[in-house]
Amino acid sequence: TLKNTNIFITKTNSDPMGLIFNAMIDKFTTNRKNFFVFKSLGYENYISLVHHSDGVIGNSSSGIVEVPSLKKGSVNIGDRQGGRLMPPSVIQCGYNKNDITEAINILFSPKFLKKISKTVNPYYKSKSSKRILDIIESTNFKSRTNKKFFDL
């Protein structure tokens, strides 16, 4: 399905089994000229790459929390993000090849692309930084009691 598509992969973070997955990524992408693997892109490079991409595939929270603000779709594989509010730009699928292939086909479908063009990110709140700063500034930290520690 994606033979003529450039694929950018960011490796796992410190999740359990991360080293094993990273080794699998390295083995799979060896000699595949359309695959580009990064240990980490950093936030700005990652967001820029997503902005210029057709979508995100994986099981990272970024596909649910940040990517919808860019009006891009995400295929969320598995249940790692279970319990989170899923924006309409997220396509949930299982781990098997057929489920993932079907989800990728939806990701590229005209009907889905039209739907995500109107996506509102439920995680976005206007002026969040200012609201956080206001709360910090209005909190009397001196009135907070220190936690007591006891020697055993």
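Buried means under 20% relative accessible area, exposed over 50%, and partly exposed in between, with a 1.4 Å probe and protein chains only. The model is predicted: local features need pLDDT of at least 70, side-chain atom pairs count only at pLDDT 80 or more, and totals for chains, interfaces and linings use all residues. Residues are numbered from 1 along each chain as its sequence is written, and side-chain values use heavy atoms, with hydrogens and water left out.

View A. Phe28 is partly exposed, at 42% relative accessibility. Arg32 lies over the face of the Phe28 ring, 3.9 Å from its centre; a charge sits over a ring if NZ of Lys or CZ of Arg is within 6 Å of the ring centre and within 35 degrees of the ring normal.

**View B. Aromatic pairs.** Rings of Phe, Tyr and Trp (its six-membered ring) pair if their centres lie within 6.5 Å; planes under 30 degrees apart count as stacked, over 60 as edge-to-face and the rest as tilted. The count by this rule is 3 aromatic pairs. In one of them, Phe8 and Phe36, the ring centres are 5.2 Å apart and the planes are at 20°, so this pair is stacked. Phe8 belongs to strand E1 (residues 7-10) and Phe36 to strand E2 (residues 35-38), so the pair ties together parts 28 residues apart in sequence. Helices (H or I, at least four residues) and strands (E, at least two) are DSSP runs, numbered from the N terminus. For Phe28 and Phe35 the ring centres are 5.5 Å apart and the planes are at 85°, so that pair is edge-to-face. Phe8 has a relative accessible area of 40% and is partly exposed; Phe36 is partly exposed too, at 33%. Phe8, Phe36 and Phe38 form one aromatic cluster.

View C. Met17, Ile20, Phe21 and Met24 make up a nonpolar patch on the surface, with about 420 Å² of accessible area together. Patches are made of residues with over 30% relative accessible area and no salt bridge; like charges are joined within 9 Å, and nonpolar side chains (Val, Leu, Ile, Met, Phe, Trp, Tyr) within 5 Å. Accessible areas come from the Shrake-Rupley method with a 1.4 Å probe, and for residues only the protein chains shown count as cover. Phe21 sits in helix H1 (residues 18-29) and is partly exposed, at 43% relative accessibility.

**View D. Asn22 and Thr12.** Asn22 is also placed in helix H1, but is buried, at 13% relative accessibility. Its side chain reaches the backbone nitrogen of Thr12 at 3.0 Å.

**View E. Salt bridges.** A salt bridge is a side-chain nitrogen of Lys or Arg within 4 Å of a carboxyl oxygen of Asp or Glu, and the count by this rule is 2. The side chains of Asp26 and Lys11 form one, at 2.8 Å from N to O. Asp26 lies in helix H1 and Lys11 in the loop between E1 and H1, so the pair ties together parts 15 residues apart in sequence. Asp26 is partly exposed, at 34%, as is Lys11, at 22%. Lys130 and Asp134 also meet in a salt bridge, at 3.1 Å from N to O. These two residues are 4 residues apart in helix H6 (residues 128-138), which puts about one helical turn between them.

Definitions and conventions: A polar contact is a pair of N or O atoms within 3.5 Å; within protein, one must be able to donate a hydrogen and the other to accept it, and residues adjacent in sequence count only if both atoms are side-chain atoms.
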